[in-house]
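Please look over the sequence and the structure shown below before reading on.

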Amino acid sequence: MPKFYLSTPIYYVNAAPHIGHAYTTIAADTIKRVRRMLGDDAYLTTGSDEHGQKVERSARAAGLEPKQFTDRISAAFREEWDELGLEYDFFRRTSDPRHALAVRKIFERCLANGAIYKDSYTGKYHLGDEAFVTEDEARRADPELITTVTEENYFFRLSDYQQRLIELYESQPDFVQPEARRNEVLAFARAGLKDLSISRSSLRWGIPLPNDPDHVFYVWFDALTTYMSSIGYGEEDAKQTDYERLWPIDVHLVGKEIVRFHAVYWPAFLMAAGLPLPKQVWAHGWLIFQGGKMSKTKGNIVRALPIKEVVGTDGLRYYLLREIVFGQDGNFSHEALAVRYNADLANGIGNLASRTTSMLSRYCDGRIPSQGSGQSGGLPELAAKCIPEAIQHYEKFAFSRALEAAWTLLARTDKYIVEHRPWVLAKSGEPGARAQLESTLYNSAEALRIACVLLAPVIPDGAQKVWQLLGQEGKVAAQRLDSLRWGGLGANTVVGKQAAVYPRLDVGKAVERMEALEAEALAQQARLLGKEPSREPLEVDTPEIEIGDFAKVDIRVGLVLSAERVENSKKLVQLQVDLGEHKPRSILAGIAESYRPEDLLGRRVAVVANLKPRKMMGRVSQGMIVAASLEGGDPHLAGFPDGTPIGARLG
Ligand code: MSP
């Protein structure tokens, strides 16, 4: 049996999984299912990328040690994949000691082959990407994420591999796909490759170098090795492990932003280590939401599980693989998802399955009739065309086109039923009516069976239900796509009881529910990541004062009677505050960026009543409102509950 080994990137565990991560993993799971249904012994590896500064920082922000933090998030990823029914075979955490064995071994091989040297390096470092970036990239990035770093590093002689890499891309045009990504990688390599820093001495949360434990591996040298460590490379009994059987990998499936790491750095590391190269790097596009690539920092995140609750995993898988051309960017929208679900799953295959089985129950005693000699509406010929088409598209990861091929058959079947009207044939006494009725039902059920097998990699749950409705035994996933032929449905098979495979949705309500569940998931994630970001402990280091000094400050409870923004000032609000005196005071407060005037009305606030009047923006302030803030942070007004007497003095 040919083997097929496939990977997803290993995901950073600085945040909980979102639908972007699910997208890659769903696509990989689909590819694996296709390969299995084509007779391959197919395996999928995934995992979590746990080292580096970004994760370390997120852990600290959650008030946890990196290991505790990554335990939690890595488990959240695994739970997510399990909940979504994604069938990975290997899950490697980079914090697993077995992973370190592989990283060290590859490093030592590179070192022995002269591909590694030590040097000092100063450069612009992108904290988000955990990588040194070019001056140009640094200029384009968020300035908050760019810092200058000088340190002793171990370097990999990437420049030595330029020629061999170019030869690789030229001699194996499939090495990087799709074509646009291949061109990009080729252009990058042709422009000249600089040596690559592969260690950090400034970082603790990582794998120490075997020859210099003050350094830890730079995340990419560490992370890429997961594809080998997960199958046992580096372990003593590697011969017994899956490594011998599965390496080299057939496909690295990645998002397009990390194609360079996989198609340039990774093969170069392997060349230097004298190890076999991957066969292909395949880069898909981004899911775009609210105008940008989903990212934690932008906050435009959608999660997969709330969607699963409403449309099932099939609904999510189908939408992602049908609506977006694999390889290109695509917009995500809850509404489009619900509309697609209704049109193609509920009203499409689901409806066809329930119609067909209910007619079989009514007119054929719940059994599949024989094919008979009635008109077949060209369905057998169409199926013979759609089967290889779908397979070819699947093999090229053109999921939307593979699905279109299956839907061509389903749509034609719907039409065929309408043309022959079994419900009329059943009542007709005309000669030949019964024969046509049986042929119509046989052909419809058979077309449905074929579509069901073709669709099983993308909508496994529904396909299995339809399979059972058609009275088929075992798992539809155990069928072979490449031996799928018209006529496989046996006469006399007892069909299953009619049931809604994909219940129809009210689109508006479905969207509302997905959004509500999304809000809940967000709250849950906040708990996962630690609610309150921890900070450096504060130092209260103002000089001590005597009680008499404090007594000099007269702070009183005031009631805000009116509030308006001061023209031409971003910060100032003018308040009329009742302190219980014969007349309210006019007080200016720099709180306009945090409070709307209407939110201030009727509040009881703390007022420094004996402050010398001050002039601001041409107006006089007769006192000061007390607010709390951390340096540079938003002001929070001190307040008092209703019923606190106006004019009461604090002390
Ligand atoms: N840890 C690195 C990869 C190391 S592989 C040796 C990393 N992790 S990540 O968590 O940022 O995940 C990256 C992958 O998640 C992308 O390459 C892509 O496969 C998937 N996606 C994350 N966000 C996505 C979208 N908005 N859209 C599509 N895929 C997305 O990079």
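## Two helices in contact

Gln 162, Ile 166, Tyr 169 and Glu 170 in helix 6 meet Arg 182, Val 185, Leu 186, Ala 189 and Arg 190 in helix 7, where contact means heavy atoms within 4.5 Å. The residues of this contact divide into 5 nonpolar, 1 polar and 3 charged.

Helix 6 covers residues 162–171 and helix 7 covers residues 179–190, and the two pack at an angle of about 155° with their axes 9 Å apart. Helix 6 is therefore roughly antiparallel to helix 7, a term for angles over 145 degrees.

## How the model is read

This is a predicted model, in which local features need pLDDT of at least 70 and side-chain atom pairs count only at pLDDT 80 or more, while totals for chains, interfaces and linings use all residues. Residues are numbered from 1 along each chain as its sequence is written, and side-chain values use heavy atoms, with hydrogens and water left out.

## Aromatic pairs

The whole structure holds 32 aromatic pairs, that is, rings of Phe, Tyr and Trp (its six-membered ring) with centres within 6.5 Å. The rings of Tyr 11 and Phe 77 are stacked, because their planes lie at 5° with the centres 5.7 Å apart; planes under 30 degrees apart count as stacked. Tyr 11 belongs to strand 2 and Phe 77 to helix 3, 66 residues apart.

Tyr 11 counts as buried at 6% relative accessibility, and Phe 77 counts as buried at 0%, since buried means under 20% relative accessible area (1.4 Å probe, protein chains only).

Conventions: Axes fitted to C-alpha atoms, helices over the stretch in contact; angles between N-to-C directions. Helix = DSSP H or I, 4+ residues; strand = E, 2+ residues; numbered from the N terminus. Parallel < 35°, antiparallel > 145°, perpendicular 65-115°, else oblique. Nonpolar A, V, L, I, M, F, W, Y, C, P; charged D, E, K, R; others polar. Phe/Tyr/Trp six-rings, centres within 6.5 Å; stacked < 30°, edge-to-face > 60°. Buried < 20%, exposed > 50% of the residue type's maximum accessible area, 1.4 Å probe, protein only.
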